[in-house]
Amino acid sequence: MRHPLSTLHFPLSVALAIIVTSASSLADGPFLLLPSITSLPVPLSPTRFATGDLDRDGDLDVVVSGRNLDGLAAVLWNEQGTFTTSTTLEIGSQTDWVEIGDVDGDGADDLVFAVRAFRGRIAILRGRGDGTFQEPEQIPLGREPRCVLLRDLDGDGDLDLVGMNHQEPVVQILLNDGAGRFTAAPDVLVGGASVGIPYPQAMEAVDLDGDGDLDLVAVCTGSSRLAVMRNRGDATFDLAEAWRPTRVAGEVGGMSTVAIGDLDGDGDPDPVVPLILLQSFSHAVVFTNESTTGGMAFDRDAAAPTTGTGGYAFTVAVGDLDGDGDPDVVTGHAIPGPLTALDNRTVPAASGGDGTIVFEPPQTIATDNFFRHVAMVDIDGDCDLDVLALDLVSNAIWVLANHTPQENGCGDGGSPRLPAIGSPPATSRAMRIDTGLIGDLDGDGARTGADVALWMSRVGGESMESGSLEDGTVRP
């Protein structure tokens, strides 16, 4: 059953204030993004969302996972770019990640959740094609899965499962027989760490070396490394190779997630990570891809500040916000929680430049408490990319409709449909933390941004470890 949702629009004066304030700091003009906020139907302690047209009405709906004690998730139904109704899903346990895809080949999208437990598992909710789902089916995984991917790893045309366990350095591969039945392939060890457990946190699958199959890219929060596992073409993988991000002012930063895009315009995908720092503002780091079919190689020299106002960078997304052909970067922060955008001004070698990655200074496009996940998708169907961001503390999802003039002619040409005039969003609970109380969580003998990243990854709901939310205050 669908339940009504409450969406709050910023007053016009607030929306214009965001635009004008941002414009003063950017030489090429700001992105024009007009926000609205939708409260989630129940307190989810939300962790992540995925988008897909679940009811086949032509627009993208949103599924949200969460760390609540009731084991609930939610579907937000899209009506012309706004969320007016929702459906609550009973998963049975806390969930950290959700994917959407047709696992059994029946033409209906299914939902796949990473169930966060010491005895972890994947929960599959098979779709009926009308926006309803069957009861969850459970597939065992290892200790505390944080991520699950739904990708065709062996090239046979169906979607396989990849489960990543946070409390043990193992990626589990489950191959699909085409009808949604899964068998285990050899596990992949996420190695190369200088500490006991790398604490893998997030993962993506992309063809990094141009050989036609999907490789795996994982962020290891404990060891502050990017681990790359090269696919041999049959869903078996080479041993993980690990890279640390560039130091900023001599400081080793902490990483929590990864996004992929061709930032330097050379035709291959580059991993991008948010970097948590204790002595400097957070940065976004690009691992520029120099891989070939013969091996993996990355240059990690590209780094840019993501904020000038504070906050720890936790989540990142890559997409072309202005239609100029290069991907821009949006980063969500915590404690406090600005959402910022970096306009990519790189001139590729193919266009006469040197390919050095260059960003405009960060533009603040929203502010909340703890942006746990951000993505760029066309939520309102006008063919340009909007920004969706999930805030953990305020239990809400932000939709920032994109009205930036598009160089490719997409969108509404920069003539925004102004949001309805209404009451401003209620002030959410303040989120505070004494970072000095966070110890050496990764056991490397020093307190660094990696420890803050590791602690932040545990925040939400009633955690199995430290980092729970109590009355809006986060305590190590």
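Colleague: Strands here are DSSP runs (E) of at least two residues, numbered from the N terminus. With that settled, which strands each supply at least two residues of the lining of the second largest cavity?

Modeller: This is a predicted model, and in it β3 (33–39) and β7 (82–90) each give at least two residues to that lining. The complete set around the second largest cavity is Thr7, Ser36, Thr38, Gly81, Thr82, Phe83 and Val399.

Colleague: How much space lies in the second largest cavity, and how does its lining divide by class?

Modeller: The space comes to about 30 Å³, and the lining holds 2 nonpolar and 5 polar residues, with no charged ones.

Colleague: Which residues lie nearest the centre of the largest cavity?

Modeller: Those are Arg48, Trp97, Gln201, Phe314 and Arg372, out of 13 residues that line the largest cavity. Two or more lining residues come from each of β4 (46–52), β8 (95–101), β17 (200–206), β26 (312–319) and β28 (363–377). By class, the lining of the largest cavity has 3 nonpolar, 6 polar and 4 charged residues.

Colleague: Stepping back, how many helices and strands does the protein have?

Modeller: There are 2 helices and 32 strands, and 61% of the 476 residues count as buried. Among contacts with a separation of 6 or more, 53% are between residues 24 or more positions apart.

Colleague: Is helix α2 enclosed or open?

Modeller: Helix α2 (residues 449–456) is largely enclosed by the rest of the structure, because 8 of its 8 residues are buried. The buried residues of α2 include Asp451 as well as Leu454, Trp455 and Met456.

Colleague: Switching to β10, how many of its residues are buried?

Modeller: Strand β10 (residues 121–125) has 4 of its 5 residues buried, which leaves the strand mostly covered.

Colleague: And how does strand β9 run against β10?

Modeller: Strand β9 (residues 110–115) is antiparallel to β10, with 5 bridges joining the two, and they make a hairpin that has 5 residues between the strands. In this pairing valine 112 stands opposite isoleucine 124 of β10.

Colleague: What stands opposite alanine 123?

Modeller: Glutamine 138 of β11 does. Strand β11 (residues 137–140) is also joined to β10, in this case by 4 bridges, and the two run antiparallel.

Definitions and conventions
Residues numbered from 1 in each chain as written. Predicted model: local features only at pLDDT ≥ 70, side-chain atom pairs only at ≥ 80, totals over all residues. Heavy atoms only, no water. Buried < 20%, exposed > 50% of the residue type's maximum accessible area, 1.4 Å probe, protein only. Contact = heavy atoms within 4.5 Å. Pairing = 2+ DSSP bridges. 1 Å grid on protein atoms, 1.4 Å probe; cavity = no way out; pocket = protein on both sides within 12 Å on 5 of 7 lines; lining within 4 Å. Nonpolar A, V, L, I, M, F, W, Y, C, P; charged D, E, K, R; others polar. Points joined across faces, edges and corners; volume = space filled by probe spheres on them.
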